Amino acid sequence: MIDGMDGRPVVPTSGKLRPLGLGEIEITGGFWVERQKVNESATIGHCHDWMERQGWVGNFRAATEGRLPQDRNGVVFTDSDVYKLMEAAAWETGRSGSDTADSLFRSLTEVIAPVQERDGYLNTSFGRPGQPPRYSDLEWGHELYCYGHMLQAAVARARTGDTDEFVEVAKRAADHVCETFGKGGIERVGGHPEIELGLIELFRVTGEERYLDQARLFIDRRGHQTLDDIHWGRSYFQDDIPLREATVFAGHSVRALYLASSAVDLAIETGDEELLEIVIRQWEMTIARRTYLTGGMGSHHEGEMYGDDFVLPPDRAYSETCAGVASVMLAWRLLLATGESRFADIVERTLFNVVATSPAPDGKAFFYANPLHQRVPGALPTPDQVSNRAASSLREPWFAVSCCPTNVARTFASLATYLATVDGDGLQIHQFADCRISTALETGRPVGIEMTTGYPFRGRVSVRITETDESPWTLSIRIPEWATGAVLTDGGSRKTVGTGTAMVTRSFAVGDTIELELPLGPRWTVPDPRIDAIRGCVAVEQGPLVLCLESVDLPGDSNVGSVRINQSRELETTEDGVIATGQLVDDVDLGWPYPESISLPRGDEIQLRLTPYHQWGNRGPATMRVWIPII
Ligand SMILES: [Zn+2]
């Protein structure tokens with residue numbers, strides 16, 4: 001832990017709840033600490049190795065040495081991935097004090113800083129002889145997108161104890177953006193929102209109002225068709241209608257979610273209640289009609305976009321890992337603004353079922369897309385080969401567009417900050433994990449707790465008070481949306497609590513322990529009947545985990561497509577999943593034209609082993625499905 005460290009990714013100046021920094025909260029064990037350790041020991045280095053091998057870091061060296069454009073490697077926006085890696089390294093430095101992560105940040109700064117031009121411009125793809133001119137391709141050039149990630153990396157650095165050279169580089173770049181895209185400048189937007197997030201957070205670090213003003217200009221300008229029309233339409237980059245007029249998230253999912261996140265930030269910093277309400281209504285509509293059971297978003301591979309309402313095909317789910325990260329970012333901001341537990345519910349669902357699904361257990365291969373039904377077993381990836389597309393059949397070590405691995409890395413390194421908050425009255429626990437918290441209420445009073453749990457595989461959560469004064473305060477605990485019948489024990493008092501938020505208000509003493517028992521029994525889930533693609537199917541969930549069926553757990557070479565599940569039979573919990581009952585049907589080709597009716601021959605009753613979706617693919621090539629047709 002670094003002295004004076006803030007350590008928070010998002011620091012709104014107002015709102016219902018105050019986020020905790022890496023200096024105040026530490027994950028100490030269980031599910032997430034394993035992810036964090038692998039992230040530190042494997043993923044961050046893995047990403048760096050690939051960026052060196054692919055020449056993405058080398059692009060900056062080539063720029064300094066005058067070897068561009070001939071020596072440039074990778075897609076036009078690879079600079080952004082180097083910045084995301086730096087952001088991960090900064091949070092990791094703050095989380096664990098890792099010298100390796102700190103050295104990585106410093107060494108990348110040394111490579112990048114000399115590339116900055118006198119006016120603050122910094123990009124390896126534009127502006128040199130033989131390259132397209134600066135800002136000549138705002139639709140796809142991604143210069144502003146790259147700056148956004150640069151600014152976020154600098155914010156992470158500034159908030160983890162070091163305002164070194166990279167922070168200065170980022171400020172010069174931000175000044176350049178304000179000068180170039182301010183009133184009277186290029187009055188357009190970038191094709192991929194992200195600069196807005198970086199500018200507002202840099203405003204929060206520096207107090208420099210012009211960054212906030214520029215973010216507002218970008219947000220207000222979008223939707224006025226300053227970008228070219230493309231074959232997916234301007235809705236792809238949210239430039240078809242102003243954000244304030246939209247009723248639901250549409251277009252490219254990551255773009256839409258980054259933009260909405262920045263709109264929440266803007267609403268908070270400017271006291272714009274109306275804007276906040278608009279984003280909340282869009283979020284509600286999107287969650288209800290355009291979100292997969294896993295929390296995943298984006299049902300079109302083509303354009304990585306949201307589909308229309310209820311277009312949620314499980315086999316064609318794109319559900320990009322980055323969209324999962326972005327959805328967590330948005331829900332976290334809405335939770336801070338409103339204090340409403342429904343936003344923390346989505347954070348949990350998405351973390352366990354999208355973000356945790358992406359990396360392999362060794363942290364060196366990733367899902368880019370996260371479908372809920374895999375029809376054919378994938379081919380084992382070659383460890384040294386870049387995947388050219390967002391293949392979803394098995395985790396791949398690296399991609400030609402490799403946005404997802406570093407998005408996972410920066411999220412895991414800063415994950416502790418998403419677990420709890422404080423306000424003037426007390427401490428709020430939003431996520432369950434072994435952790436230690438030592439902080440102060442808004443009034444300056446000290447509070448500390450230690451949480452222990454086997455979550456998400458065990459439902460007992462124990463919260464022990466480690467710091468307090470004598471005056472009363474409130475310990476709030478989120479009761480997840482699915483946790484009907486949760487029981488809270490406080491000393492001699494034991495009561496069933498409803499979903500939402502449970503509160504204990506009293507004077508605490510060090511050593512007092514509050515116990516929560518969450519019902520983790522498996523449960524059936526039926527889909528909205530308007531989702532045609534999964535009508536007649538059910539899913540099984542257990543606590544926060546979506547479960548799935550993999551063909552490696554079926555007899556012989558059966559495909560999950562042949563399985564029917566019997567909903568009238570009890571679900572049985574085992575050590576490593578849930579056992580359901582079902583049958584295999586014989587797949588027969590019906591010929592053409594289709595007949596009037598079908599009766600498929602069924603086999604004997606079999607047991608169906610259902611396992612957490614985030615583990616799928618870990619045992620090799622398999623077919624897989626979350627939604628299973630009922631008998
Ligand atoms: Zn991605």
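**Entry 1: ground rules**

I count two strands as paired if DSSP finds at least two bridges between them. Helices (H or I, at least four residues) and strands (E, at least two) are DSSP runs, numbered from the N terminus. I am working on a predicted model, where local features need pLDDT of at least 70 and side-chain atom pairs count only at pLDDT 80 or more, while totals for chains, interfaces and linings use all residues. Residues are numbered from 1 along each chain as its sequence is written, and side-chain values use heavy atoms, with hydrogens and water left out.

**Entry 2: the sheet**

I started with strand 4 (residues 420-422) and strand 5, which run antiparallel and are joined by three bridges. The two strands form a hairpin, with three residues between them. Within this pair, I found Ala 420 bridged to Ile 429 of strand 5.

How do strand 5 (residues 426-429) and strand 9 (residues 473-479) run? They are parallel, with four bridges joining them. Here Gln 428 has Ser 476 of strand 9 as its bridge partner, and Ile 429 stands opposite Ile 477.

Next I looked at the whole sheet, which is open, has five strands in the order 1-4-5-9-12 and shows mixed pairing. Strand 1 (18-19) and strand 12 (500-506) are the edges; each has a single partner strand, so one side of each is left without a neighbour in the sheet. Helix 12 packs on this sheet and touches strand 9 and strand 12, its direction making about 50° with that of strand 9. Contact here means heavy atoms within 4.5 Å, and axes are lines fitted to C-alpha atoms, for helices over the stretch in contact, with angles from 0 to 180 degrees between N-to-C directions.

**Entry 3: cavities**

I then searched the whole structure and got five cavities of 30 Å³ or more. (On a 1 Å grid over the protein atoms alone, a cavity is a set of points where a 1.4 Å probe fits but cannot get out; a pocket is an open set with protein on both sides within 12 Å along at least five of seven lines; lining residues have an atom within 4 Å of a point. Points are joined across faces, edges and corners, and a volume is the space filled by probe spheres set on them.)

The largest cavity holds about 190 Å³. Its lining has 16 residues, with Pro 9, Glu 87, Gln 152, Arg 410 and Tyr 418 nearest the centre. Which helix gives the largest share of that lining? Helix 11 does, with four residues. I sorted the lining into nine nonpolar, three polar and four charged residues. (Ala, Val, Leu, Ile, Met, Phe, Trp, Tyr, Cys and Pro count as nonpolar, Asp, Glu, Lys and Arg as charged, and the others, Gly among them, as polar.)

The second largest cavity has about 50 Å³. Residues that line it include Trp 32, Phe 352 and Gln 431. Helix 12 (residues 341-355) supplies the largest share, three residues.

**Entry 4: the largest pocket**

The largest pocket has about 310 Å³ of space. Of its 19 lining residues, Thr 291, Tyr 292, Leu 293, Ile 531 and Trp 627 are closest to the centre. Helix 10 gives the most, three residues. I counted 12 nonpolar, three polar and four charged residues in the lining.

**Entry 5: Pro 529**

Last, I found Pro 529 in the loop between strand 14 (522-525) and strand 15 (537-542). Pro 529 is exposed, with a relative accessible area of 59% (buried is under 20%, exposed over 50%, partly exposed in between, with a 1.4 Å probe and protein chains only). Pro 529 and Phe 310 are 219 residues apart in sequence, yet 9.1 Å apart in space, C-alpha to C-alpha.
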